[in-house]
Amino acid sequence: MEIKFYKHEPIPMELHKVKIVQQLNLLPGNQRLQKLYDSAFNTFQLHNIDIFMDMLTDSGVNAMSDNMQAAMLRADDAYAGSETFYRMARKLSDIFGINYFLPAHQGRACENILATHFVKPGKVVIMNYHFTTAKAHITRLGGRVEELVKDEGLIPRSNLPFKGDIDLEKLEACIQKETVENVAFLRLESGTNLIGGQPMSYQNMKDAVAIANKYGIPTVLDASLLQDNIYFIKTREDGMKQRSPAEILRMIADLFDIVYFSGRKFGFARGGGILVRDEKMFHAMEDYVTMFEGFLTYGGMSVKEMEALTVGFEESLNMDVISQGPQFIEYAVKQLDDYGVPVITPGGGLGAHLDAMQICSHVPQEEYPAGALTCALYLCGGIRGMERGTLSEERNADGSERFASMELVRLAFPRRVFTLSQTEYVIDRVKWVYDHRELIGGLRFTHEPKTLRFFTGRLEPTSDWPHKLLAAYQAEFGRDQ
Ligand code: F0G
């Protein structure tokens with residue numbers, strides 16, 4: 001539902017009310033500077049208590065509804081045969097129309113299981129775009145990924161409605177070049193996390209899957225961000241307006257052999273799982289659940305979270321719920337774009353994405369401009385975003401940097417968490433940082449892990465730029481902000 005206003009210009013409105021709150025803490029700037037040094041200029045290392053607006057991710061930090069909380073009370077705790085599990089599995093098979101379900105503790109655990117089952121050294125997984133953990137599991141096993149998102153998907157400013165679409169010609173050519181035997185599976189991610197939460201169209205998924213089917217290649221949907229993608233298909237794709245989110249979800253699911261998801265995103269709680277259409281394939285993967293995750297009726301999830309997810313899946317089919325994220329993101333993106341801040345357009349799901357390649361064009365890519373901008377935003381306002389650029393890549397085999405095609409700072413909008421005034425605060429601080437971008441300098445590693453280095457790496461600034469940036473900020477806002 002879109003609320004109409006009398007005198008006020010249109011704004012997105014929260015279609016829920018607050019029932020439980022968590023007090024926020026805004027440290028003075030000097031202390032934030034200290035915390036940046038303590039956390040080695042890596043926002044993953046910050047403590048939540050030192051953060052004012054936590055926009056790191058929407059993973060496992062979405063607000064739960066009263067009905068989700070209520071369901072947690074009836075959780076049936078049993079090592080084997082928990083009724084909670086059967087409720088969850090029934091709900092998933094009702095919604096997706098796929099009968100076999102393997103539970104896992106989160107999305108990357110599903111990726112581990114799928115990679116272990118399908119990937120052998122030298123095999124390739126074709127995808128529209130990679131996600132960090134999906135790729136790490138494939139390469140760990142000696143596989144490779146081929147990313148075939150359409151070229152336009154990587155252009156930051158655009159008005160294309162479906163920038164996550166895969167290039168169908170390249171897909172067919174890639175299968176022929178790699179040969180069918182060498183392709184482990186086709187993985188479509190909807191929406192695409194690392195290029196700005198951009199959705200795929202239903203038509204593109206259908207066409208891509210048809211090509212894979214022609215060659216007998218298994219098809220896998222990463223549905224972690226599916227609720228946003230459903231919203232975009234309904235509002236942006238021709239012929240889809242009249243269809244309900246449940247219908248759209250089913251049309252998508254019907255295409256695929258396998259659907260997996262992170263329940264930290266899809267379902268708004270914490271967990272994950274893999275839906276498998278084929279009984280034989282399901283049994284072949286069962287052992288990995290018992291080995292890596294837990295027994296087959298919990299897979300590493302707490303029964304309380306499973307109950308919450310079961311309600312969360314249902315809520316993900318409600319337009320008033322799934323429109324919240326995209327509408328707030330669109331609002332933030334528009335305000336920033338109007339001001340001239342380079343942002344990924346159109347707004348996608350997941351979060352607003354700042355184009356650090358442009359904003360910090362004076363910082364060389366080997367000094368991690370997106371990482372530096374992320375730190376600047378924490379320093380100037382206590383806002384924690386996430387670097388999604390070269391820092392989030394892994395080095396090439398010869399040790400050289402693999403430069404990301406986009407240098408983004410993601411400001412995630414966990415669902416139903418932030419109000420419009422909090423959104424306005426973030427927009428305001430981003431504008432200030434943009435106007436003072438020349439003060440931002442680079443970063444370098446002091447400790448660089450080999451795998452997923454962005455999580456645990458330690459960095460330092462290449463000069464005393466954070467001090468100068470803070471001095472300018474305090475001259476504007478005072479020492480207590
Ligand atoms: N697939 C996608 C598209 C994701 O966005 C994520 C997680 C995963 C898989 C892995 O799921 O975290 O439950 O293991 N994205 C988080 C983020 C980490 O912050 O964007 P997980």
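Start with the ligand and the residues around it: by class, this shell holds two nonpolar, nine polar and five charged residues, where Ala, Val, Leu, Ile, Met, Phe, Trp, Tyr, Cys and Pro count as nonpolar, Asp, Glu, Lys and Arg as charged, and the others, Gly among them, as polar. Select T57, Q106, G107, R108 and S262, which come nearest of the 16 residues around the ligand; a residue is near a molecule if its C-beta atom, placed from the backbone, lies within 6 Å of it.

Before going further, note that this is a predicted model, in which local features need pLDDT of at least 70 and side-chain atom pairs count only at pLDDT 80 or more, while totals for chains, interfaces and linings use all residues. Residues are numbered from 1 along each chain as its sequence is written.

**The two domains**

Next, colour the protein chain by domain, with domain 1 covering 29–58 + 321–477 and domain 2 covering 66–320; these bounds come from an automatic or database domain assignment. The centres of the two domains, taken over C-alpha atoms, are separated by 27 Å. Their contact takes 24 residues from domain 1 and 31 residues from domain 2, two residues being in contact if their C-beta atoms, placed from the backbone, lie within 7 Å. On the side of domain 1 that touches domain 2, helix 12 (319–322), helix 13 (324–339) and strand 9 are the elements that give two or more residues, and strand 9 supplies the largest share, three residues. Helices (H or I, at least four residues) and strands (E, at least two) are DSSP runs, numbered from the N terminus.

Now select the open sheet of seven strands, whose order is 2-8-7-6-5-3-4 and whose pairing is mixed; two strands pair if DSSP finds at least two bridges between them. Strand 2 (100–104) and strand 4 (144–147) are the edge strands, each pairing on one side only. Inspect strand 5 and strand 6 (residues 219–222), which pair in the parallel sense over four bridges, with R187 standing opposite V220 in strand 6.

**A helix pair**

Move on to helix 8 (residues 226–236) and helix 9 (residues 245–253), whose axes come within 10 Å and cross at roughly 110°. The two helices are therefore roughly perpendicular to each other, a term that covers angles of 65 to 115 degrees. To display the contact, select L226, I230, I233 and K234 of helix 8 together with P245, I248 and L249 of helix 9.

The next stop is an open sheet of three strands in the order 9-12-11, with antiparallel pairing. Its edge strands are strand 9 (351–355) and strand 11 (386–388). Strand 11 pairs with strand 12 (residues 408–412) in the antiparallel sense over three bridges, and M386 stands opposite R410 in strand 12.

**Backbone details**

Finish with the loops. The peptide bond from S190 to G191 is cis, with omega near -10°, and G191 sits in the loop between strand 5 (183–189) and helix 7 (202–215). Another cis peptide bond joins T345 and P346, with P346 placed in the loop between helix 13 and strand 9. Lastly, select Y368, which has a positive phi of about 55° although it is not a glycine.

Terms used:
Axes are lines fitted to C-alpha atoms, for helices over the stretch in contact, and angles run from 0 to 180 degrees between N-to-C directions. Angles under 35 degrees count as roughly parallel, over 145 as roughly antiparallel, 65 to 115 as roughly perpendicular and the rest as oblique.
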